[in-house]
Amino acid sequence: MPSITVYDNTANKAVSVSDISVDNESYGYFGPTVSYDPDENQVKLNHSYTISISGLPGQPDTSYTTKLFSIDRDSAANH
């Protein structure tokens with residue numbers, strides 16, 4: 001099983017992760033699909049997060065950064 005870490009760059013703290021799973025029958029033949037559940041009480045709107053994945057057999061370790069945001073349907077329709 002791979003190791004998944006989620007780090008809240010805005011609050012400077014780690015986020016708990018559970019339910020890590022790997023599916024090798026992925027959509028589009030892109031290789032394994034990794035899924036996980038971050039603790040919903042620790043994930044905040046407008047915070048930046050770095051997600052790191054390691055230990056996936058046959059794949060290099062990787063990480064990416066993302067920021068959570070909300071899309072307001074009314075304001076999106078006006079832009």
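Tutor: The model is predicted, so local features need pLDDT of at least 70, side-chain atom pairs count only at pLDDT 80 or more, and totals for chains, interfaces and linings use all residues. Residues are numbered from 1 along each chain as its sequence is written, and side-chain values use heavy atoms, with hydrogens and water left out.

Student: What makes up the secondary structure of the chain, and in which pattern?

Tutor: The chain has 1 helix and 6 strands, which follow the pattern β-β-β-β-β-β-α along the sequence. Helices (H or I, at least four residues) and strands (E, at least two) are DSSP runs, numbered from the N terminus.

Student: What makes β1 and β5 paired strands?

Tutor: Two strands pair if DSSP finds at least two bridges between them. Strand β1 (residues 3–8) is joined to β5 by 6 bridges, and the two run antiparallel. Val 6 stands opposite Ile 51 in β5. Strands β5 and β6 also pair in the antiparallel sense, over 6 bridges; in β6, Lys 67 is the bridge partner of Ser 48.

Student: Why is β5 described as largely enclosed by the rest of the structure?

Tutor: Buried means under 20% relative accessible area, exposed over 50%, and partly exposed in between (1.4 Å probe, protein chains only). In β5, 5 of the 7 residues are buried, so this strand is largely enclosed by the rest of the structure. For the chain of 79 residues, 18% count as buried.

Student: Which residues make up the largest nonpolar core, and what makes it a core?

Tutor: A nonpolar core is a set of buried Ala, Val, Leu, Ile, Met, Phe, Trp, Tyr and Cys residues joined through side-chain atoms within 4.5 Å. The largest such core has 6 residues: Ile 4, Val 6, Val 15, Tyr 49, Ile 51 and Ile 53. The elements that give two or more residues to this core are β1 and β5, and β5 contributes the largest share, 3 residues. In soluble globular proteins, nonpolar side chains tend to be buried together.

Student: Which residues does Val 6 contact, beyond its neighbours within four places in sequence?

Tutor: Contact means heavy atoms within 4.5 Å. With those neighbours left aside, Val 6 is in contact with Ala 14, Val 15, Val 17, Tyr 36, Tyr 49, Thr 50 and Ile 51. Across the chain, residues 24 or more positions apart account for 42% of the contacts with a separation of 6 or more.

Student: Why is His 47 placed in its accessibility class, and what does it touch?

Tutor: His 47 is found in the loop between β4 and β5. Its relative accessibility is 18%, so His 47 counts as buried. Not counting residues up to four places away in sequence, His 47 touches Asp 8, Thr 10, Ala 11, Thr 66, Lys 67 and Leu 68. The C-alpha atoms of His 47 and Ala 11 are separated by 7.7 Å, although the two are 36 residues apart along the chain.

Student: Is Ser 63 buried, exposed or partly exposed, and how do you know?

Tutor: Ser 63, in strand β6, has 47% relative accessibility and therefore counts as partly exposed. Leaving aside neighbours within four places in sequence, Ser 63 is in contact with Thr 50, Ile 51 and Ser 52.

Student: What makes a space a pocket, and which residues lie nearest the centre of the largest pocket?

Tutor: On a 1 Å grid over the protein atoms alone, a pocket is an open set of points with protein on both sides within 12 Å along at least five of seven lines, where a 1.4 Å probe fits; lining residues have an atom within 4 Å of a point. Grid points are joined across faces, edges and corners, and a volume is the space filled by probe spheres set on the points. About 190 Å³ of space lies in the largest pocket. Its lining has 14 residues, of which Pro 32, Val 34, Ile 53, Leu 56 and Thr 62 lie nearest the centre. Strand β4 gives the most to this lining, with 3 residues.
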